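Trainee: I would like to learn how to read a model of this kind. Please take one feature at a time.

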Amino acid sequence: MTLIGMLHHRADPNNVKKSYAYAAAAKAEGVNFFYFTPGKVNIEKQKILGKVYESGEWIEREFPFPDVIYNSSYPIGDKAEDIFDYLHDRIPFTSHSIGDKLSVYNRLKRAKEFEQYLIPFQRLTVQRFFEMIQRYEKLILKPLSGHQGMGVIFIEKGIDHYKMNVAGKIFSMSEKRLPDFISKLQEQDYLVQKFISCQMKAGHVYDFRLHVQKNGEGKWVITSIFPRIGQLGSITSNMGSGGYSTYLDTFLKTEFDESWYDIKRYLEQFAISFSNHFDSLYDRSLDELGIDVGLDANQKIWLFEVNWRPGPPIVNNLELDVARNTIQYARYLAEKNKKT
C-alpha cells in the first residue's frame, strides 16, 4: 500500500488546519498517511518519527521513508533545509516552486503561446515608471514577492499631479515629489504594471481565482473557480485585503446577463489550457496552481498572477476536494516512480 508523508515545519499537526483533511482523504482513498517535521527524520536509520491520526488524536509512531512526500511548507533553518534537500533527492515531492512574479512573467513571455494574456510590466525603476505612465496613464505598483494584495499602489497621471490609491487611501502627489517616492519603492523590489480595469456594475474591483490541481491520473482538473470582490474604493480584490466572494454562477448571471455561460466556459477552458502550457515550461511537474485573471470591458482575459500553493477555495467548503486531489496525485506519483 502507498505510504504518503506530509512534511511541515510545525511540530503539532493540530496547529495545521489542513492536516486533518489530508489524513481523512488518505483514509478514504485507501492509502497510508502520516505527518512529520524535518527534525524527526533519522537519516542513519532511514526512519521517521511521524504522527498518524487515529481515534480522534494524533499518535506518534515510527515509519520507513514514504513513497512520496507532500511538502506543504518551506523548511525553517539550515538543518531543516539540509534534511529537506536529502529527502528531495531520494523521494518524489508533490510540490515545486514556480519562482517569483517577474520570473513567471518572463518565462511565459519567452514561450510566447500565452503572451497575449500578459499585462505589460517590468521591475520598477524611476525611468521605467515615467516611461510607462506616459504610455498607459494608469499603473499598478506591487511588491515582487508580495501576497494577499499587500503593498499594492495605484497611480493615475493627471494634468499637473498624480492621483494615488494606497491601501484604500486616495491622495495626490506632485511630479516633483514623485521620483523620490518611486525611488524608495524601487529599493523594496517592486514591479510596475499597466492597470487593467476589471470592475463590477456597482463599481467594485474583482478578479477570478482559477484553482487547478493534478488528479490521480496526473492530469489537470479544476477544483474551483470563484470571483474575488474588493471593497468599494479598494484597488485589490484579495481576501487578505478585505475582499469577499460569492458563487460563480450567481456572479456571472448578475454581471454578464445572457453571456454568463459563455464566460464560464471561457474561464474553464483557459484554466486547463493555461495549466497544461505552464506546466510544460518547468523541468519538474507542478501539482497545484491558483491562477488569478480578470476580464476587461471587451471580455478579454488578462493574467494577473500565478500562485504556487494557493489557499483552499473559500466557497463551497472545498477543503476535502483539495485534499482528495492531492492524495490521489501523490499516489499517482508514487506508482509512477516505482515503475521507473
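Mentor: Start with cavities: on a 1 Å grid over the protein atoms alone, a cavity is a set of points where a 1.4 Å probe fits but cannot get out, and its lining residues have an atom within 4 Å of a point. Here the largest cavity is lined by Leu 7, His 8, His 9, Pro 38, Ser 73, Tyr 74, Pro 75 and Phe 84. This is a predicted model, in which local features need pLDDT of at least 70 and side-chain atom pairs count only at pLDDT 80 or more, while totals for chains, interfaces and linings use all residues. Residues are numbered from 1 along each chain as its sequence is written, and side-chain values use heavy atoms, with hydrogens and water left out.

Trainee: How much space lies in the largest cavity?

Mentor: A volume is the space filled by probe spheres set on the grid points, which are joined across faces, edges and corners. The largest cavity holds about 30 Å³. A search of the whole structure finds one cavity of 30 Å³ or more.

Trainee: How do the lining residues of the largest cavity divide into nonpolar, polar and charged?

Mentor: Ala, Val, Leu, Ile, Met, Phe, Trp, Tyr, Cys and Pro count as nonpolar, Asp, Glu, Lys and Arg as charged, and the others, Gly among them, as polar. In this lining, five residues are nonpolar, three are polar and none is charged.

Trainee: Which residues have the most contacts inside the largest nonpolar core?

Mentor: In soluble globular proteins, nonpolar side chains tend to be buried together. A nonpolar core is a set of buried Ala, Val, Leu, Ile, Met, Phe, Trp, Tyr and Cys residues joined through side-chain atoms within 4.5 Å. Buried means under 20% relative accessible area, exposed over 50%, and partly exposed in between (1.4 Å probe, protein chains only). The largest core has 45 residues, and Phe 208 and Phe 278 have the most contacts inside it. Helices (H or I, at least four residues) and strands (E, at least two) are DSSP runs numbered from the N terminus. Among the elements that each supply at least two residues of this core are helix H3 (101-111), strand E13 (206-214) and helix H7 (260-280). H7 gives the largest share, seven residues.

Trainee: What is Phe 278 in contact with, leaving aside its neighbours within four places in sequence?

Mentor: Contact means heavy atoms within 4.5 Å. With those neighbours set aside, Phe 278 touches Ile 98, Val 104, Leu 108, Leu 286, Leu 289 and Val 306. There is also a second, separate core of 21 residues, which includes Ala 21, Tyr 22, Ala 26 and Ile 327.

Trainee: Where is Ala 271, and is Ala 271 buried or exposed?

Mentor: Ala 271 is in helix H7 and is buried, at 0% relative accessible area. Leaving aside neighbours within four places in sequence, its contacts are Leu 210, Val 212, Ile 222 and Ile 291.

Trainee: What is phi of Arg 309?

Mentor: Most residues other than glycine have a negative phi. Arg 309 has a positive phi, near 55 degrees, and lies in the loop between E17 and H8. At 24% relative accessibility, Arg 309 is partly exposed.

Note on methods: On a 1 Å grid over the protein atoms alone, a cavity is a set of points where a 1.4 Å probe fits but cannot get out, and a pocket is an open set with protein on both sides within 12 Å along at least five of seven lines; lining residues have an atom within 4 Å of a point.
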